[in-house]
Amino acid sequence: MGLLVLGSLAGAGSASADGDDVHHQGGAVATLDGLKTFDSARIHTGDGKTKSVSAGLFEMNVQGGGRLQTYCIDIHNPTQNKAKYLETPWGQTSLGTNEDAGKILWILRNSYPQAGDLNALAQKSGAGQLSPKTAAAGTQVAIWRFSDGAKVEAKNAQAEKLADWLEAQAQNLQEPKTSLTLGPNAVSGKSGEKLGPVTVHTDADKVSVAADAGIAAGVKVTDKDGQPVTSAVNGTELYFDVPAGTADGTASLSAKTTTQVPVGRAFASASKSQTQILAGSTESTVTATATANWAKKGAIPSVTAEKNCTAGGIDVTVSNAGDSDFTFELAGAEHTVAGGDSKTVTVPVGEDEAYDITVTGPNGFSERFQGVLDCETQGTPPPGTSGGGETPPSTPSPSPSDDTAGGTTGDTTGGTSGETTGGTTGGTTGGGDLAVTGSSSATPMIAGVAVALVAAGGAAMFFLRRKKAAGR
């Protein structure tokens, strides 16, 4: 019965894994495809014991086209099968309060897969000889030492030498630019004005810009001089040009480009799945959208939201470009924003908790924001505490199930945070999905085994009773 209940809970978890982070500011959106190139490592836990894990490269499929390679920066959390990931600023992850975040970026730029010549990398690091799987493992181990403060070592001697060298050489670098975001992604104003600006932030050479279908007649996307805009570069300011007399309404625009997502960008999941950091990217499609609300008079609201890891919640900012007050309800409380003003309300959210926040107002106004607040690793002190002591790490959660992700030797149960139950030598998988904790392709098998066990138990009780009855 316990297995049956577990299977039901796992199935329920898969629904939330498909949730969207509404009003995502832009960038790459990708789906986890599993741990692909990895070897073994060993974590020393706070109770004096060790746990075996698989350490290496995950791969993701980008929505719209493209593929990413990532390392884990959240060792004690599990991955979720087919979890959706969103390109996310460092400040909205555990990297935001990590003084060594820039050293992780240095490791990514100077190790595998960015350093594709493994012979040269082995010679430089004193590792002797490296394969893709040992190079990936050594790189992941070095990253964990900075991302999680973990006491971890690679089981392979060459991978361990690489990890030690990367740790010793790492230097703090600045966070890389976003692939593509628009800020703010919601504006408002009166008809007869240009609403904005909405600023383009991108690492790409150029992005295309277009008004979305259904835009009101006469409304155009322009620059500050009112000239139509169909392409933009980093720093371009966009406006919604709304002619006077246009009926009250709303519109949106989209920016889009195909580019290699910058190495070092963080990827946070839309469900509870371990945070990742980008190690490599093919040409990938990235998009961002922005909306505008306008009216002739009265309150004209717009709403944005973003994670605030320092405060432990979601900052919801309501702006009012109108000429009268706007009263709204948020998290069970009523708030008022005067015309021409804005107000930010931080909605508390627990670490690792899902949030579903809705702002409601008069005349059916409603804006909804969903996601998961994942700002800490278990080696990171909570916001507001001193960093003087080491937080005892807990036992790592299994990432994949007992299935090996195709083509590897050993009996591997771990993604980057999973336990290894056998003597795996690691490997590079050639395909197949990673079965994971919380929601897994193994769930039907678990349920089937549970049914069989319950049936067998029932049969045993039946025969036992018959035997007792015969002996009376």
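The model is a predicted one, in which local features need pLDDT of at least 70, side-chain atom pairs count only at pLDDT 80 or more, and totals for chains, interfaces and linings use all residues. Residues are numbered from 1 along each chain as its sequence is written, and side-chain values use heavy atoms, with hydrogens and water left out.

## The chain as a whole

Let us start with the overall picture. The chain holds six helices and 24 strands. Helices (H or I, at least four residues) and strands (E, at least two) are DSSP runs, numbered from the N terminus. Of the 472 residues, 49% count as buried. Here buried means under 20% relative accessible area, exposed means over 50%, and partly exposed lies in between, using a 1.4 Å probe and protein chains only. Among contacts between residues at least 6 apart in sequence, 69% join residues at least 24 apart. A contact means heavy atoms within 4.5 Å.

## Strands and sheets

Strands of a sheet pair through backbone hydrogen bonds, either parallel or antiparallel. Two strands are taken to pair if DSSP finds at least two bridges between them.

Eight bridges hold strand 17 and strand 18 (residues 313–320) in their antiparallel pairing, and Val303 stands opposite Val318 of strand 18.

Another open sheet has four strands in the order 6-8-12-10, again with antiparallel pairing. Strand 6 (180–183) and strand 10 (220–222) stand at its edges with a single partner strand each, so one side of each is left without a neighbour in the sheet. Here neighbouring strands are turned by 30 degrees against each other on average, direction ignored. Strand 8 (residues 194–202) and strand 12 (residues 237–241) run antiparallel and are joined by four bridges. The bridge partner of Thr199 is Glu237 in strand 12.

Strand 16 (residues 283–295) takes part in two pairings described here. Which sense does its pairing with strand 7 take, parallel or antiparallel? Strand 7 (residues 186–190) pairs with strand 16 in the parallel sense, over five bridges, and Ser188 stands opposite Asn293. Strand 13 (residues 249–260), by contrast, runs antiparallel to strand 16, joined by 12 bridges. In that pairing Leu253 stands opposite Ala290 of strand 16.

## Two helices side by side

Two packed helices are described by the angle between their axes and the distance between the axes. The axes of helix 2 (residues 101–110) and helix 4 (residues 132–147) come within 9 Å and cross at roughly 170 degrees. That makes helix 2 roughly antiparallel to helix 4. By the convention used, angles under 35 degrees count as roughly parallel, over 145 as roughly antiparallel, 65 to 115 as roughly perpendicular and the rest as oblique. Helix 2 brings Lys103, Ile104, Ile107 and Leu108 to the contact, while helix 4 brings Thr139, Ala142, Ile143, Phe146 and Ser147. By class, the contact has six nonpolar, two polar and one charged residues. Ala, Val, Leu, Ile, Met, Phe, Trp, Tyr, Cys and Pro count as nonpolar, Asp, Glu, Lys and Arg as charged, and the others, Gly among them, as polar.

## Salt bridges

Side chains of opposite charge can pair when their charged atoms come close. A salt bridge here is a side-chain nitrogen of Lys or Arg within 4 Å of a carboxyl oxygen of Asp or Glu. The whole structure has 15 salt bridges, and the table gives some of them.

| Salt bridge | N to O distance |
|---|---|
| Lys36 – Asp33 | 3.7 Å |
| Asp33 – Arg67 | 2.6 Å |
| Arg368 – Asp356 | 2.6 Å |

Asp33 is buried at 11% relative accessible area, as is Lys36 at 4%, whereas Arg67 is partly exposed at 25%. Salt bridges that share partners join Asp33, Lys36, Glu59, Arg67 and Lys82 into one network.

Definitions and conventions:
Axes are lines fitted to C-alpha atoms, for helices over the stretch in contact, and angles run from 0 to 180 degrees between N-to-C directions.
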